[in-house]
Amino acid sequence: MEFLYPNTYCDYQLYRPTTPPILLDMKRGDVNGDGILDTVYLFGNKEDPTSLFADHITLGIQDGATHKLTIVHPPQNAGYNAGLFLGDFNKDRVLDILISMESGGSGGYGTFYIYSFLHNDLRMLFDVQRYNIQHQFQVNYEDGYKVSISSPQLNILFIIDISTKGYEYLSQYYNDQGKLKQPVKGEVLALAALYPIVTDIKSMSYDLLAFQRIIGTTNADTLGYVENHLSWNGNNFASTRLTVSVPGTTLITPYLS
């Protein structure tokens, strides 16, 4: 088997694990556009073969025609439940490669990369670190039992109503007149989920739905989610719809007819 190490803007150095890597996932599909099925592997190291956690996660792309193997080391290469998905994200009618893994812990962060391998030329289409830098928000509690979610860099503002969260919760931050006792901040966490969604059934091309969790003063206090519908515009993924969703509550007396 011949090995090819592509020269791209990412740091793809030869990695030789001290223990034999474990196959985490495998998919077959034409990812270089020559009409022949290729094999895409995801390998990693595990201290315990039954563990969901792996590090030194490595992508392998085997050309179906030449059997050359291209090795790729994602910038972040450790996580839980690492997996692969093949789909056409950049609308060129050739399958791209989505790598996903979970951070574990209460934060619920995810790590995601999408690569194109058209004509055996490796190109990163989506980088989770870049996305997180470009999608930062400020979360501030406001008078009147409201919370504002704003992003100066995206020029957008959302206001959510938290008046149904109950006296025990609200009395921590508000007086009886609904005024804040002192400034209170929440947070929009890093990307938690990235879901492929079919937008063209005939060509089976995909867009992306990205989720970031909005929290109050503690990680356990989920106020809602920032949802971003992303579509390839020819150069990168651009937002076509950015919204905030909030969890529902049980009906309370004032809203009953």
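Because the model is predicted, local features need pLDDT of at least 70 and side-chain atom pairs count only at pLDDT 80 or more, whereas totals for chains, interfaces and linings use all residues. Residues are numbered from 1 along each chain as its sequence is written, and side-chain values use heavy atoms, with hydrogens and water left out.

**The chain as a whole**

- The chain holds 2 helices and 16 strands, these being DSSP runs numbered from the N terminus (helices H or I, at least four residues; strands E, at least two).
- Of the 257 residues in the chain, 43% are buried, where buried means under 20% relative accessible area, exposed means over 50%, and partly exposed lies in between (1.4 Å probe, protein chains only).
- Among contacts with a separation of 6 or more, 46% are between residues 24 or more positions apart, a contact being heavy atoms within 4.5 Å.
- The accessible surface comes to about 14000 Å², and 52% of that surface belongs to carbon and sulfur atoms; the areas come from the Shrake-Rupley method with a 1.4 Å probe, and for residues only the protein chains shown count as cover.

**The open sheet β10-β11-β12**

- In this open sheet, 3 strands follow the order β10-β11-β12 with antiparallel pairing, and two strands are said to pair if DSSP finds at least two bridges between them.
- The edge strands, which each pair on one side only, are β10 (138–142) and β12 (156–161).
- Strand β11 (residues 146–151) is joined to β12 by 6 bridges in the antiparallel sense, and Lys 146 has Asp 161 in β12 as its bridge partner.

**Strand β15 and its partners**

- Strand β15 is largely enclosed by the rest of the structure, because 8 of its 11 residues are buried.
- On one pairing, strand β14 (residues 205–215) runs antiparallel to β15 over 8 bridges, with Leu 209 opposite His 229, and the two strands form a hairpin with 6 residues between them.
- On another, 8 bridges join β15 to the antiparallel strand β16 (residues 237–245), with Val 226 opposite Val 244; this hairpin has 4 residues between its strands, and Gly 234 in the turn has a positive phi of about 110 degrees.

**Ser 231**

- Ser 231 lies in strand β15 (residues 222–232) and counts as buried because its relative accessibility is 17%.
- Leaving aside neighbours within four places in sequence, Ser 231 is in contact with Lys 91, Asp 207, Asn 236, Phe 237, Ala 238 and Thr 240.
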